[in-house]
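Dear colleague,

Please find below the structure for your review. My notes on its interfaces come directly after it.

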There are 2 protein chains.
Amino acid sequence: MTPTRTENLARWCTALTYDDLPEPVIQRTKSLFVDWVGCAIAGRHHPAIAAIVAFSKQMGPASGKCEVVDAGVGTSSAAFAALVNGAASHVVEQDDLHNSSIVHPATVVFPAALAVAQEKGATGKEFITACVVGYEVACRTGEYLGKTHYQNFHSTATAGTLGAAAAAAKLLNLDTDKMLSALGTAGTQAAGLWQFLLDATHSKQVHTGKACFDGIFAAYTAQSNLLGPRDVLEGKRGLGAVLVPSAPGAAPTIPTAIDARLGQKYSVLESSFKWHASCRHTHPSVDALLKIVEKHDIQMADIESVVARMYQAGIDVLSMSEQAETVHQSKFSMGFVLGVAAKYRRASINDFTEEALRDGEIREFQPRVRMVLDERIDGRFPEEWTGCVTVTTKDGNSYTEDVEVVKGDPGDTLSWSELESKMATLAHYAGITDLAPIKAVMKRVAGLESESNVLGFQF
Amino acid sequence: MTPTRTENLARWCTALTYDDLPEPVIQRTKSLFVDWVGCAIAGRHHPAIAAIVAFSKQMGPASGKCEVVDAGVGTSSAAFAALVNGAASHVVEQDDLHNSSIVHPATVVFPAALAVAQEKGATGKEFITACVVGYEVACRTGEYLGKTHYQNFHSTATAGTLGAAAAAAKLLNLDTDKMLSALGTAGTQAAGLWQFLLDATHSKQVHTGKACFDGIFAAYTAQSNLLGPRDVLEGKRGLGAVLVPSAPGAAPTIPTAIDARLGQKYSVLESSFKWHASCRHTHPSVDALLKIVEKHDIQMADIESVVARMYQAGIDVLSMSEQAETVHQSKFSMGFVLGVAAKYRRASINDFTEEALRDGEIREFQPRVRMVLDERIDGRFPEEWTGCVTVTTKDGNSYTEDVEVVKGDPGDTLSWSELESKMATLAHYAGITDLAPIKAVMKRVAGLESESNVLGFQF
């Protein structure tokens with residue numbers, strides 16, 4: 001029988017070794033990991049994280065081999081450490097994004113891989129290899145499910161559960177049959193609705209934390225001989241068939257995404273760092289606006305109106321938080337975000353605060369921004385996240401800029417020193433003033449492939 | 001603002017007291033609970049349960065206040081005890097069914113309620129009240145999502161997560177706002193694909209165990225101030241909108257199911273006990289076949305062919321396991337099940353075995369059975385699970401029987417002594433020969449409302 005695409009993917013995952021990895025893949029994986037550590041540090045004070053930590057203390061073991069990045073929380077078993085870290089790293093909207101899959105892979109792959117690597121005593125090389133596998137599965141699953149799935153589901157949660165499972169299964173050295181079971185059990189748990197955006201509730205962190213927990217559940221139970229469906233992606237009642245409704249005009253699934261060019265292209269190299277602290281859908285417009293105001297030295301008060309030309313999926317997500325009643329929603333409101341950018345010529349994590357919500361200038365600017373669907377931009381999405389902004393000034397002039405490559409994208413990636421600067425900002429946001437331990441850990445990650453273990457990521 | 005239906009449901013859940021419960025509701029809840037205990041005992045030796053137990057030992061605490069029904073496994077925290085018990089009680093296909101919602105409520109509501117009641121030291125009355133609440137939420141959610149949802153999702157898993165959350169939240173005495181959060185966080189985790197039926201893998205037990213775990217997660221995190229979306233049922237991006245694709249001709253959601261006649265009708269009174277050990281979709285046909293062969297004293301060898309007239313959802317599910325390659329699949333194969341019924345004039349748990357899979361008489365009978373869609377029967381489903389069977393004998397005679405009420409249905413419910421007999425069969429299946437402790441527990445459940453705690457359900 002011809003193997004299914006899912007089998008091809010599983011076989012590649014189990015066969016991959018560290019020595020197969022091209023040098024840029026190794027380097028980028030370490031950069032993405034360091035970026036993730038910063039995000040996990042920054043998210044520690046959110047009420048959703050406090051609730052999830054409380055659950056872990058109530059239901060999990062008192063301590064364990066696995067570190068919660070927030071040192072104050074202590075340690076736990078792999079599933080609970082990953083639950084907390086996965087939730088915490090998705091709080092501040094600074095974690096990475098894989099464009100074509102519309103998945104934030106870091107926040108689901110690294111927590112699962114780190115916890116299981118700590119539980120099993122894995123080396124730096126084994127950890128890096130498992131993360132590459134996790135990225136590949138999360139991103140390819142997201143690409144396969146596509147735009148229509150993303151309209152209905154938070155793809156980071158659904159595809160992320162499979163990515164977390166694959167990374168964990170790789171660290172457990174599961175064979176191809178058990179890797180398939182892990183993917184199957186992950187797939188049948190895949191969930192995550194956008195409903196939380198409508199009332200600014202906390203599901204976003206639940207989704208990423210639970211993707212980690214559920215992925216680890218899938219991998220460990222597969223190791224213990226629990227059978228998962230063997231083709232949870234393309235099967236007749238699998239994710240593609242059930243979680244991608246075939247409404248008229250809807251984008252179809254992309255089966256080739258599952259197994260095309262395995263080992264020839266790597267999802268870690270296609271993932272973007274987030275430079276701005278707002279929803280990634282606002283970034284092309286932020287960059288375009290910044291180009292305009294910097295080039296023509298336009299002040300916030302000079303601006304009459306802004307038109308942001310966009311792809312539909314961005315409009316869909318951002319329309320749910322237009323009013324920006326909470327800090328989190330304010331990062332998902334195009335008007336608010338462009339107000340911040342026009343005022344400060346940046347959109348950094350420390351610009352989205354309770355005070356900013358009461359900033360009259362930004363609030364007055366907010367309704368001057370309008371999002372408009374652009375068919376050309378929409379046709380390129382999600383392979384390319386582009387944008388175009390037109391600013392009309394009060395003196396009657398009009399300026400337009402396209403943005404093809406956003407800062408942090410693979411075409412304009414962050415340098416190690418930019419990552420250091422981002423890390424410092426995130427640590428500062430978390431109230432950490434002594435940066436020495438963070439700098440030491442960054443140095444250690446730079447040589448992670450030589451480390452005999454991956455312990456020591458608590459701050 | 002007019003409260004949403006979800007708010008009405010949540011408010012009713014938080015307000016309900018034991019004293020509000022009509023006597024038949026209390027009695028039926030105890031009967032359903034005792035029936036569930038038997039199912040949890042019978043499922044203990046399944047490989048899926050062994051794997052889930054291993055996961056609980058690897059990731060959970062070494063012991064806790066909550067009992068796993070299999071005494072050999074010991075105790076754990078509420079989430080893990082419920083995970084294992086929820087999985088175990090859905091192994092042998094003997095747990096109850098709420099017809100109009102197509103949900104098996106016992107296997108998701110009782111494990112969650114029992115574990116949280118043990119954790120909190122709740123009384124028998126508090127436990128019973130929480131179970132009534134859990135049934136109401138699971139069944140009303142299933143009814144709301146309806147037939148089209150069931151085509152795509154294992155409703156026991158999806159609606160069950162909300163039922164488990166509601167029962168747990170009730171035992172935690174959450175107020176209406178937090179009850180809504182618990183339902184919201186449960187809903188955004190709701191998952192469960194039918195893909196496992198196609199290759200006889202183990203997701204069915206994963207679904208029920210994880211529904212319990214995830215429901216408890218939702219309730220405890222809500223208690224700790226994690227906000228869940230407030231209208232996860234009818235919200236624009238909620239369960240009804242996303243998990244019920246509006247394909248042409250598809251059955252719509254049934255919004256009134258969420259909050260109509262709360263406190264006037266009770267889902268526990270509408271739930272059916274399973275008398276036969278096969279998939280519930282086979283039961284109308286089994287009863288009809290038994291009527292025919294008993295009335296006319298027809299032997300298996302006399303039968304030329306059987307036509308089972310059915311509703312579409314039953315054909316959909318049973319078509320996935322027609323070949324009956326495993327014991328579990330054999331309970332989902334109409335040909336196999338009717339073969340067992342024709343041979344033994346029953347379809348008991350001890351009739352579905354590895355030996356039965358190799359039984360030439362049953363295997364030869366299997367292809368003589370044909371399922372046929374009947375529009376009239378389909379139109380009544382899922383409010384009524386009816387069937388009609390025609391047996392044609394080798395001597396050319398033909399006999400037809402309709403079945404309107406299946407044995408175990410609310411209209412023909414099981415007596416306490418029938419429940420005792422079923423319990424004995426289930427215990428025997430699990431290899432338990434000393435029935436004294438089981439009889440003692442049944443006696444205790446009979447007076448559960450007088451008990452100061454709900455400990456002592458280990459065998």
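This is a predicted model: local features need pLDDT of at least 70, side-chain atom pairs count only at pLDDT 80 or more; totals for chains, interfaces and linings use all residues.

Residues are numbered from 1 along each chain as its sequence is written, chains are lettered from A and ligands numbered from 1 in the order in which they are written, and side-chain values use heavy atoms, with hydrogens and water left out.

**Chain B and chain A**

In the model, 62 residues of chain B are in contact with 62 residues of chain A (contact means heavy atoms within 4.5 Å). Together the two chains bury about 4,800 Å², of which 67% lies on carbon and sulfur atoms; buried area is the accessible area (1.4 Å probe) that two parts lose on being put together, summed over both.

Two salt bridges are counted between chain B and chain A (a side-chain nitrogen of Lys or Arg within 4 Å of a carboxyl oxygen of Asp or Glu). B:Asp214 forms a salt bridge with A:Lys210, with 2.7 Å between the closest N and O atoms.

On the side of chain B that touches chain A, the residues divide into 32 nonpolar, 22 polar and eight charged. Here Ala, Val, Leu, Ile, Met, Phe, Trp, Tyr, Cys and Pro count as nonpolar, Asp, Glu, Lys and Arg as charged, and the others, Gly among them, as polar.

**The domains of chain A**

Chain A is assigned domain 1 (5-272) and domain 2 (280-406), with bounds from an automatic or database domain assignment. Their centres, taken over C-alpha atoms, are 30 Å apart. In chain A, 18 residues of domain 1 are in contact with 18 residues of domain 2, and the two domains bury about 1,700 Å² between them, 66% of it on carbon and sulfur atoms.

The count of salt bridges between these domains of chain A is zero, while six residue pairs are in polar contact across their interface, both at pLDDT 80 or more. The side of domain 1 of chain A that touches domain 2 has ten nonpolar, four polar and four charged residues.

With kind regards

Terms used
A polar contact is a pair of N or O atoms within 3.5 Å; within protein, one must be able to donate a hydrogen and the other to accept it, and residues adjacent in sequence count only if both atoms are side-chain atoms.
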